[in-house]
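Work through these exercises with the sequence and the model open. Try each task before you read its solution.

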Amino acid sequence: MLYAILCYHDEDMVGSWTKEQDATVMKKLAVVQEKLAQQGRLGPVARLLPTTAATTLRKDDPPLVLDGPFAETKEQLLGFYVVDCKNLDEALDVARDLGAANPGGAYEIRPVGVFNPGSVQT
Amino acid sequence: MTDTAWIDAALTSARPQAVGALLRYFRDLDRAEEAYQNACLRALKSWPQNGPPRDPAAWLIMVGRNVGIDDIRRSRKQEALPDDDQAISDLDDAEDALAERLDGSHYRDDILRLLFICCHPDLPPTQQIALALRIVSGLSVKQIARAFLVSEAAMEQRITRAKARVADAKVPFEAPGAAERSERLASVAAMIYLIFNEGYSASGDTAEIRSPLCEEAIRLARLLLRLFQSEPEIMGLTALLLLQHARAAARFDADGAVILLEDQDRRLWNQTLIAEGLALIDKAMRHRRSGPYQVQAAISALHARAEKPEDTDWLQIELLYGALEIMQPSPVVTLNRAVAVSKVRGPEAALEMIDPLAQRLQNYFHFYGVRGAFLMQLGRNEEARVAFDRAIALANTTAEAAHIRMHLDRLIRDSQPRGAKSSKK
């Protein structure tokens, strides 16, 4: 079963990390990702740009374009992983590993219904 | 991350909101700062033991307020007999703090006010910037002094003076009306731009020491944009800073000499910053309310979008400078437009455009640098040399002077086998 692990964190706080702190966190996260990748369990991973760069399309009639993220929350959606796990316990284990590398904030673990790996090359 | 690193980041990010709220409460900058400092000291003791609070800013505001009130009460007791004012229980304050947090407009105006008092018109720009970095960003005097390349004592004095002036001035504490708010926003945006420029205009040998100024300006611009999500000019400002800063690693060579845009190694440009900047300028354009920051960001975006220098859309850049000239008439803008004109219509047309600026820009380094370059392109080497000599005399940094000297060397090199060259022609 595929799980999406959605990463929420206080954007102000992440933005206040020094370059070194940011690099340290990314390095630790890379270790966790590498382990999953070797097991063939790691799907797409994304780190999103700040919510100030976000635009929201409200599907009214006609659709309404709004500046900013969908919801104003204390913690913002800053990125996500897609990971292949047998069950929720395994997904929680992955989230715990990620959490140990990147403290603060929260992960929302959501089973994936439809998955299309896409064709984007980076 | 270690505990203390996490706490540092939390304190830094909570600072504008917390000091802003404490300032509204105490109506005194020194008292607000002191209350915040005391709250931070308690946080350093309490957070490692009890774990981080859910909302660090609300925690700091509540604790800061209590500590500040205690201080006031204590000093009153020393002055006179204790007046039996109502005891303020922690519970009340917790509720107040929560109510405060829920009121989004308070939060917005608190931070805006805090930024705004730093741009008081009586303060010269250098004091505005220093004050904002100290009060809003929370950089230490030492850090600010280092970035400004002055001694700590001198910076301490500058900040103390600025604070005294701000204290004398009337700081408006009422929630601002719409017109007033947009005025404040404009002053604050200008100040953030100044902070950025202070770092950006550094020479090669000091660029690294001063780059924190650029980063801090970007942080403040993002903060401002988060408070005013739909302001196209704030999007433009943020985009401009991101796009300019994206080139930081490519702007100087190993010896600290300036590398011009067209000679930069574009692989060194920071693509993440560029992506964010381009996203913001796209968003801003949708509002169809153009302004100087958006236009400048759009110009920067055209450079960022060009993979090779020859891909640059100079025609569009010239049009944008033309728009900027109308919004913000200034000989410096015209000078920049002339550079674009030289690419589109050749150096002769460009030279014609800048000739009328000579008097107004007679002490401006870049005027002579640009003029010299146009003349050189036209083969008017003797005149070019005169212009370059003048530029060197006006250079603000050693890197600027070195860059012009490079042109001069090329002129001399080219003019030596003069007979051979001119006979070819």
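A residue is buried if 20 or more other C-beta atoms lie within 10 Å of its own, exposed if 12 or fewer, and partly exposed in between; C-beta atoms are placed from the backbone. This is a predicted model, where local features need pLDDT of at least 70, side-chain atom pairs count only at pLDDT 80 or more, and totals for chains, interfaces and linings use all residues. Residues are numbered from 1 along each chain as its sequence is written, while chains are lettered from A and ligands numbered from 1 in the order in which they are written.

**Exercise 1. Backbone exceptions**

Task: find where B:Arg288 and B:Leu149 lie, and decide whether each is buried or exposed.

Solution. 
- Start with the rule. Most residues other than glycine have a negative phi, and most peptide bonds are trans.
- Take B:Arg288. Its phi is positive, about 50 degrees, although it is not a glycine. It lies in the loop between helix H12 (271-286) and helix H13 (292-305) of chain B. Helices (H or I, at least four residues) and strands (E, at least two) are DSSP runs, numbered from the N terminus.
- Count its neighbours. B:Arg288 has 7 other C-beta atoms within 10 Å, so it is exposed.
- Take B:Leu149. Its phi is also positive, about 60 degrees, and it is not a glycine. Its loop runs between helix H7 (141-148) and helix H8 (152-168) of chain B.
- Count again. B:Leu149 has 10 other C-beta atoms within 10 Å, so it is exposed.
- Now check chain A. The peptide bond joining A:Asp61 and A:Pro62 is cis, with omega about 0 degrees. A:Pro62 sits in the loop between strand S3 (55-58) and S4 of chain A.

**Exercise 2. One helix, two faces**

Task: work out which residues of H18(B) are buried.

Solution. 
- Locate the helix. H18 of chain B covers residues 381-394, 14 residues in all.
- Check its span. It reaches 20 Å from first C-alpha to last, close to the 20 Å expected at 1.5 Å a residue. The expected span is 1.5 Å times one less than the number of residues.
- List the buried residues: B:Ala384, B:Ala387, B:Phe388 and B:Ala391. They lie on the same side of H18(B), because they cover an arc of only 100 degrees around the axis. The arc is that of the directions from the helix axis to the C-beta atoms.
- The face away from the buried side carries the exposed residues B:Glu382 and B:Ala393.
- Look for the cover. It includes helix H17 (365-377) and helix H19 (398-415) of chain B.

**Exercise 3. The core**

Task: say how many residues the largest nonpolar core has.

Solution. 
- Define it. A nonpolar core is a set of buried Ala, Val, Leu, Ile, Met, Phe, Trp, Tyr and Cys residues joined through C-beta atoms within 7 Å.
- Read off the size. The largest such core has 130 residues, and B:Leu22, B:Val188 and B:Ala217 are among those with the most contacts inside it.
- Find the main contributor. Helix H1 (residues 3-26) of chain B gives the most, with 11 residues.
- Zoom in on B:Ala217. Leaving out residues up to four places away in sequence, B:Ala217 touches B:Ile192, B:Ile195, B:Phe196, B:Gly199 and B:Leu241. Two residues are in contact if their C-beta atoms, placed from the backbone, lie within 7 Å.
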